[in-house]
Amino acid sequence: MENEFEKIEGAGKKPVLLLQCCCAPCSSAVIERLREHFTVKLYFYNPNIYPEAEYQKRLDQFDKLLSDGFGEGIEQVAAKYDQAEFFDFVKGMENEKEGGARCARCFILRLRETARKAKEIGADYFCTTLTVSPHKNAEVINSIGMKLQEEYGVKYLLSDFKKKEGYKRSTELSKQFDLYRQNYCGCKFSMWFDEENSDNK
């Protein structure tokens, strides 16, 4: 990623990057880092989030995050919300362990739509906030992104935003903006996983 930043600085022009956002807390530190190099557009595409009230609650947090100058120059691109799309995509993987094959399948769904939307709006790059989480495998996510780069012809920005204390910074910004931080990844199955772990503590 740092090498890509150097190339962009050498070109002297900010390219447009479509950023798939999983939530406002994770997005905070990522936006702060990317805005220096890109014209950032946010894409809250998350059909995995369950229930719909939780989806709306997470989406509403961006109004807080993008206030008071932090959101200057940041545009939100409207995204559809269709839970059936997610359930169909991970059918048969409902009982997979958290962080396993079902999650990788979910990454594919969200990143593929982001790549498609990036091409549609003429963005130069696409990327995701997912790699800021200490619970997400950046190598798996980046591998998916690079394959989609070839498929859609839009550059994927390799990232591991948790590095350089990225996750820590996201918690600091979340407190600053009083953002709601969810206690499960998002989907119905991760909610079950969280409940099971709580019972075993």
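The model is predicted, so local features need pLDDT of at least 70 and side-chain atom pairs count only at pLDDT 80 or more, while totals for chains, interfaces and linings use all residues. Residues are numbered from 1 along each chain as its sequence is written, and side-chain values use heavy atoms, with hydrogens and water left out.

Let's start with the empty space. Rolling a probe the size of a water molecule over the atoms shows where such space is left. The search runs on a 1 Å grid over the protein atoms alone: a cavity is a set of points where a 1.4 Å probe fits but cannot get out, a pocket is an open set with protein on both sides within 12 Å along at least five of seven lines, and lining residues have an atom within 4 Å of a point. Grid points are joined across faces, edges and corners, and a volume is the space filled by probe spheres set on the points.

The largest pocket has a volume of about 730 Å³. Its lining counts 32 residues, and S133, H135, K136, Y184 and C185 lie nearest its centre. Helices α2, α5 and α8 each supply at least two residues of that lining; helices here are DSSP runs (H or I, at least four residues), numbered from the N terminus. By class, the lining of the largest pocket splits into 15 nonpolar, 11 polar and 6 charged residues. For that sorting, Ala, Val, Leu, Ile, Met, Phe, Trp, Tyr, Cys and Pro count as nonpolar, Asp, Glu, Lys and Arg as charged, and the others, Gly among them, as polar.

The largest cavity has a volume of about 80 Å³. Residues lining this cavity include N48, F86, E98, R102 and K136, along with C185 and C187. Helix α5 (residues 101-121) gives the most to the lining, with 5 residues. The cavity lining divides into 6 nonpolar, 1 polar and 4 charged residues.

Buried means under 20% relative accessible area, exposed over 50%, and partly exposed in between (1.4 Å probe, protein chains only).

Now for S190, which sits in helix α8 (residues 188-200). Leaving aside its neighbours within four places in sequence, S190 is in contact with E98, R102, Y184 and C185, contact being heavy atoms within 4.5 Å. S190 is buried, with a relative accessible area of 2%. What does its side chain reach at 3.1 Å? That is the backbone nitrogen of G186. The backbone oxygen of C187 also lies 2.9 Å from a polar atom of the S190 side chain. A polar contact is a pair of N or O atoms within 3.5 Å; within protein, one must be able to donate a hydrogen and the other to accept it, and residues adjacent in sequence count only if both atoms are side-chain atoms.

Back to charges: the structure holds 15 salt bridges. One of them joins the side chains of R33 and E2 at 2.5 Å, N to O. R33 lies in helix α2 (residues 24-34) and E2 in helix α1 (residues 2-11), so this pair ties together parts that are 31 residues apart in sequence. R33 is partly exposed at 22%, and E2 is partly exposed at 34%. Both R33 and E2 also line the second largest pocket, as does D160. That pocket has a volume of about 170 Å³. D160 meets K162 in a salt bridge at 2.9 Å. Elsewhere, salt bridges that share partners join E113, R116, K117 and E120 into one network.

Our last stop is K64 in helix α3 (residues 52-65). K64 and F177 are 113 residues apart along the chain, yet their C-alpha atoms are separated by 6.4 Å. Beyond its neighbours within four places in sequence, K64 is in contact with F177, D178 and L179. A polar atom of the K64 side chain lies 2.8 Å from the backbone oxygen of D178. K64 itself is partly exposed, with a relative accessible area of 35%.

Note on methods. A salt bridge is a side-chain nitrogen of Lys or Arg within 4 Å of a carboxyl oxygen of Asp or Glu.
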